[in-house]
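Open the model in your viewer and keep the selection panel at hand. The stops below run from the whole chain down to single residues.

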Amino acid sequence: APASAYTYTVAALDLAGNVSAATSPVSVTTSSLPGSVAVSVGSASGAPGEEVTVSLSLTSDPDRAVVLLDLDVLYDARGLTFVRRGFGPQLEPNEAVLVDTATSGVVSLTLADLIEELDPLYGFQDGILVTLTFQLAAGVVPGTVVPLPLANVTALDRAGAALTPITSTAGAITVTAPPLVNQPPTVDAGADLAVTLPEVARLEG
């Protein structure tokens with residue numbers, strides 16, 4: 001088994017059936033199976049009140065596919081409201097996504113490959129698996145950066161073994177200034193004056 005310790009002793013047996021004394025014990029530890037996993041949240045920007053979408057991406061070891069992925073995406077609920085999740089281009093019909101938002105400021109995701117396949121190389125494809133859409137609060141100050149860190153990330157292969165090491169990369173949403181809106185010109189005509197502006201005006205000079 002991978003990452004396991006074993007102790008051996010050796011004895012000799014001749015043709016007459018005589019058995020020698022055993023050697024001193026020798027201990028060995030098997031190496032760990034490959035299985036590194038990298039999970040990352042993308043970054044985006046938007047103005048107060050707008051919806052912003054970020055991606056959740058996976059990169060796994062080519063020799064051991066991921067078939068179950070559990071993780072939490074954390075966010076500041078004072079500035080963001082979770083709206084919905086979407087399916088990324090790498091998610092296949094046999095792969096399910098469960099979302100739990102019962103805890104404020106946490107989007108808990110469980111992604112599972114449901115196909116009955118024994119091949120250890122068959123699982124989630126590398127790339128964008130899920131998209132997450134948030135709405136920025138109307139009062140968030142432009143220039144604010146709202147981080148989207150990951151927590152409690154676990155990944156299993158088809159044999160049910162945990163994949164390690166796991167590298168997680170946080171995303172962020174940057175708040176931008178709202179777009180400028182063109183306003184019609186205003187004229188103070190006084191209390192008793194009426195001013196009519198032309199539909200088309202030409203600037204001279």
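Color the protein chain by burial: 30% of its 205 residues are buried. Buried means under 20% relative accessible area, exposed means over 50%, and partly exposed lies in between (1.4 Å probe, protein chains only). This is a predicted model, in which local features need pLDDT of at least 70, side-chain atom pairs count only at pLDDT 80 or more, and totals for chains, interfaces and linings use all residues. Residues are numbered from 1 along each chain as its sequence is written, and side-chain values use heavy atoms, with hydrogens and water left out.

**Whole chain**

Now switch to cartoon. The protein chain has 14 strands and zero helices. Both are DSSP runs numbered from the N terminus: helices are H or I with at least four residues, strands are E with at least two. Of the contacts in the protein chain with a separation of 6 or more, 72% join residues 24 or more positions apart. Contact means heavy atoms within 4.5 Å.

**The five-strand sheet**

Select β7, β10, β5, β3 and β13. These five strands form an open sheet in the order β7-β10-β5-β3-β13, with mixed pairing. Two strands pair if DSSP finds at least two bridges between them. Which strands stand at the edges? They are β7 and β13 (166-169), each with a single partner strand, so one side of each has no neighbour in the sheet. From one strand to the next, the twist averages 20°. The axes used are lines fitted to C-alpha atoms (for helices over the stretch in contact), with angles from 0 to 180 degrees between N-to-C directions.

Zoom in on β10. Strand β5 (residues 51-60) pairs with β10 in the antiparallel sense over eight bridges. Find Glu51, opposite Gln135 in β10. Strand β7 (residues 80-87) also runs antiparallel to β10, joined by seven bridges. There, Leu80 stands opposite Leu136 in β10.

**Thr133**

Stay in strand β10 and pick Thr133. Is Thr133 buried or exposed? Thr133 counts as buried because its relative accessibility is 5%. Thr53 stands opposite Thr133, and their side chains make a polar contact at 2.8 Å. A polar contact is a pair of N or O atoms within 3.5 Å; within protein, one must be able to donate a hydrogen and the other to accept it, and residues adjacent in sequence count only if both atoms are side-chain atoms. Beyond residues up to four places away in sequence, Thr133 touches residues including Glu51, Val52, Thr81 and Phe82.

**The nonpolar core**

Show side chains for Val39, Leu69, Leu71, Leu111, Leu132, Phe134 and Leu148. These have the most contacts inside the largest nonpolar core, which has 34 residues. Strand β10 (residues 127-136) gives the most to this core, with five residues. A nonpolar core is a set of buried Ala, Val, Leu, Ile, Met, Phe, Trp, Tyr and Cys residues joined through side-chain atoms within 4.5 Å. Center on Leu132. Setting aside neighbours within four places in sequence, its contacts include Val54, Val73, Phe82, Val107 and Leu109.

**Last stop: Ala172**

Jump to strand β14 (residues 171-175) and select Ala172. Ala172 is buried, with a relative accessible area of 15%. Ala172 and Val146 are 26 residues apart in sequence, yet 5.5 Å apart in space, C-alpha to C-alpha. Not counting residues up to four places away in sequence, Ala172 also touches Gly42, Ser43 and Ala44, among others.
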